[in-house]
Amino acid sequence: MYRNGKHRIVVLPGDGIGPEVMQQAIDLLKALEGPLGMQFEFEEHAVGGEAIRRHGVPIQPETIEKCRQADAVLLGAVGHPDFDREPPERRPERALLALGCSSACIAICGPSGCSMHY
């Protein structure tokens, strides 16, 4: 949660265009720190296909816990054709189900805009 005067935001870049869009969202929030009189602390974790490649699962339990402890979560696009034939538990989209159970505020960012979920 809010710590050392900074709002803690977990960044889940996701797959495909997700990391590019997420970097733009981070840059925007950094630019708004001064005008808003706020400070943000970003912590990035793998999710979706990238998490499967790195860790063998769509989202690690540790990542879910970090999301629950954060003030907000920025979530990029999740999914990749490389995993289309995988069983449900090994599909990138499975991470979205796990995140839906967390109590954090999640901003889902894509090329067409952002939506907030509380």
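Colleague: Is H55 buried, partly exposed or exposed in this predicted model?

Modeller: This is a predicted model, in which local features need pLDDT of at least 70 and side-chain atom pairs count only at pLDDT 80 or more, while totals for chains, interfaces and linings use all residues. Residues are numbered from 1 along each chain as its sequence is written, and side-chain values use heavy atoms, with hydrogens and water left out. Buried means under 20% relative accessible area, exposed over 50%, and partly exposed in between, with a 1.4 Å probe and protein chains only. The relative accessible area of H55 is 38%, so H55 is partly exposed.

Colleague: With which residue does the side chain of H55 make a polar contact?

Modeller: Apart from neighbours within four places in sequence, H55 is in contact (heavy atoms within 4.5 Å) with A46 and Q60. A polar contact is a pair of N or O atoms within 3.5 Å; within protein, one must be able to donate a hydrogen and the other to accept it, and residues adjacent in sequence count only if both atoms are side-chain atoms. At 3.4 Å, the side chain of H55 has such a contact with the side chain of Q60.

Colleague: In what order do the elements of the protein run?

Modeller: The protein has four helices and five strands. Read from the N terminus on, their order is β-α-β-α-α-β-α-β-β.

Colleague: How many residues make up the largest nonpolar core?

Modeller: A nonpolar core is a set of buried Ala, Val, Leu, Ile, Met, Phe, Trp, Tyr and Cys residues joined through side-chain atoms within 4.5 Å. The largest one includes V10, L12, I64, C67, V73 and L99. Two or more of its residues come from each of β1, α3 (61–69), β3 (72–75) and α4 (94–100).

Colleague: How many residues does the second core have?

Modeller: This core is separate, and I9, V11, F40 and A72 are among its members. The number of its residues is nine.

Colleague: What share of the residues of the protein count as buried?

Modeller: The protein has 118 residues. The buried share is 37%.
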